[in-house]
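Take a look at the protein shown below.

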Amino acid sequence: MGKGDLKELIGRDFAISGEPLGSGGYGTVHLIRNLKLNRQEVLKVLHADLRSQDQRMLFENEAKVLANLDHEGIPKIYDLEQKDGSIFYRAEYKRNTRSLDELIDIEYYGREIPLDITLDVITHE
């Protein structure tokens, strides 16, 4: 999706901030600025070639699951929308965060993660 298409999709209340932050199997993540609230957010858009009902449902479920989780490392979901055949959601932009893989590599590279830490992560206690 080109910048013009993306701008049309998100509307005039948002500005696209440069190149995409990343792209994976299901979607592309863009850094955007919410002009009304003067804050950076991320926008995840389902890839155009993934438009089957099952793929759309999985994407929607991802947003719904994330929206119901409460953890400092998980971005808050602000909105889930469908427009002009595209499906996307806006979320909190987490600055200077590391992925779970990076944290595991740094802390436990080549070693088994202790059970108590694993349980803490899973149960969020």
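## A question to start

Which residue in S4 is the bridge partner of Ile-32? The partner is Glu-41. Keep in mind that this is a predicted model.

## The overall picture

The protein has 4 helices and 6 strands. From the N terminus on, the elements run α-β-β-β-β-α-β-β-α-α. There are 125 residues, and buried ones make up 26% of them.

The accessible surface comes to about 8,700 Å². Carbon and sulfur atoms hold 50% of that surface. Now take the contacts with a separation of 6 or more: 34% of them join residues 24 or more positions apart.

Strand S4 spans residues 39–46. Of its 8 residues, 6 are buried, so the strand is largely enclosed by the rest of the structure.

S4 pairs with strand S3 (residues 27–34) in the antiparallel sense, over 8 bridges. The two strands form a hairpin, with 4 residues between them. In the turn, Asn-38 has a positive phi of about 50 degrees. S4 also pairs with strand S6 (residues 86–92), again in the antiparallel sense, over 5 bridges. Here Val-45 has Phe-88 in S6 as its bridge partner.

Is Glu-41 buried or exposed? Its relative accessible area is 0%. Buried means under 20%, so Glu-41 counts as buried. This residue lies in strand S4.

The side chain of Glu-41 makes a polar contact with the side chain of Asn-34, at 2.9 Å. Leaving aside neighbours within four places in sequence, Glu-41 is in contact with several residues, among them Phe-14, His-30, Tyr-78, Arg-90 and Tyr-93.

## Rings and a charge

A pair of aromatic rings is described by the distance of the centres and the angle of the planes. The structure holds 1 aromatic pair. The rings are those of Phe-59 and Tyr-89, with centres 5.3 Å apart. Their planes stand at 40 degrees, so the pair is tilted. It links distant parts of the chain: Phe-59 is in helix H2 (residues 53–67), Tyr-89 is in strand S6, and they are 30 residues apart. Both Phe-59 and Tyr-89 are buried.

The charged end of Arg-39 sits over the ring of Tyr-78, 4.0 Å from the ring centre. Tyr-78 is also one of the residues in contact with Glu-41.

Technical notes:
Residues numbered from 1 in each chain as written. Predicted model: local features only at pLDDT ≥ 70, side-chain atom pairs only at ≥ 80, totals over all residues. Heavy atoms only, no water. Buried < 20%, exposed > 50% of the residue type's maximum accessible area, 1.4 Å probe, protein only. Pairing = 2+ DSSP bridges. Phe/Tyr/Trp six-rings, centres within 6.5 Å; stacked < 30°, edge-to-face > 60°. Lys NZ or Arg CZ within 6 Å of the ring centre and 35° of its normal. Polar contact = N/O pair within 3.5 Å; in protein donor to acceptor, adjacent residues only side chain to side chain. Contact = heavy atoms within 4.5 Å. Areas by Shrake-Rupley, 256 points an atom, 1.4 Å probe, with all protein chains shown as cover.
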